[in-house]
Amino acid sequence: MKIKLSLLFFILVAAFLLRVLVFQPYRSTTDYMEDTLAVGDYFLVNKIIFGTTIPFTDKRILKIRDPRRGDVIVFEYPEDPSKDFIKRVIGTPGDEVEVKEKKVYINGRPYENPHEVHKEKEMIPREQNPRDNSGPVKVPENSYFVMGDNRDRSYDSRFWGFVKNPKIKGLAFIKYWSWDSARFRIRWGNIGRLID
């Protein structure tokens, strides 16, 4: 009985440490990242890849690498840090990002991501809204410009600015469950899919 309790304790501690330090589960609740993530997709985030932020500083330790263009990241929403957002990295520190008629330009060159979708044909003028025409802006040091894959319906860096490195929680990498609540069914094809 003593061995079973100590084994159970070890498993619980190991699970807790994995959850706190390495992986964290999330659920997609908006259509901002369609078609990469559907509403009701559950996915894991690798928390250690970009390092652990030291409390009360902007420094990271145990970092494997910095976020790269194309990474799908989870971060504290700059306008309300109590909420987490998920978006794709478009601009890295030093990049100049501009959106002209829905097309993204990085450092003056067109940038297309195979995951981006446009579900609305209407073009909104720059004076009315930055969705289809914004910038150019230079990404500051230690910051990132992010956008949702569902470009016409995403609230992202075009509207509220940059994500600072210490606010990034990790890299989204795999879907482990998917539930379509509108049709009351499991999306079997999404389970086990890598997020690229």
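Predicted model: local features only at pLDDT ≥ 70, side-chain atom pairs only at ≥ 80, totals over all residues.
Local features need pLDDT of at least 70, side-chain atom pairs count only at pLDDT 80 or more, and totals for chains, interfaces and linings use all residues. Residues are numbered from 1 along each chain as its sequence is written, and side-chain values use heavy atoms, with hydrogens and water left out.

The structure holds 12 aromatic pairs. Rings of Phe, Tyr and Trp (its six-membered ring) pair if their centres lie within 6.5 Å; planes under 30 degrees apart count as stacked, over 60 as edge-to-face and the rest as tilted. Phe-75 and Phe-85 form an edge-to-face pair, with 6.3 Å centre to centre and 65° between the planes. Phe-75 belongs to strand 5 (residues 72-76) and Phe-85 to strand 6 (residues 84-91), so the pair ties together parts 10 residues apart in sequence. Strands (E, at least two residues) and helices (H or I, at least four) are DSSP runs, numbered from the N terminus.

Phe-75 also pairs with Trp-160. This pair is tilted, at 6.0 Å centre to centre and 50° between the planes. Trp-160 lies in helix 2 (residues 157-160), so its pair with Phe-75 of strand 5 joins parts 85 residues apart in sequence.

Relative accessibility is 0% for Phe-75, 16% for Phe-85 and 12% for Trp-160. Phe-75 is buried, as are Phe-85 and Trp-160 (under 20% relative accessible area, 1.4 Å probe, protein chains only). Ring pairs link Phe-75, Phe-85 and Trp-160 into a cluster with Tyr-32, Tyr-77, Tyr-155 and Phe-159.

Charges also sit over rings (NZ of Lys or CZ of Arg within 6 Å of the ring centre and within 35 degrees of the ring normal). Lys-100 places its charged end over Tyr-105, 4.7 Å from the ring centre. Arg-69 lies over the face of Tyr-111, at 5.8 Å from the ring centre.

Notes:
Buried < 20%, exposed > 50% of the residue type's maximum accessible area, 1.4 Å probe, protein only.
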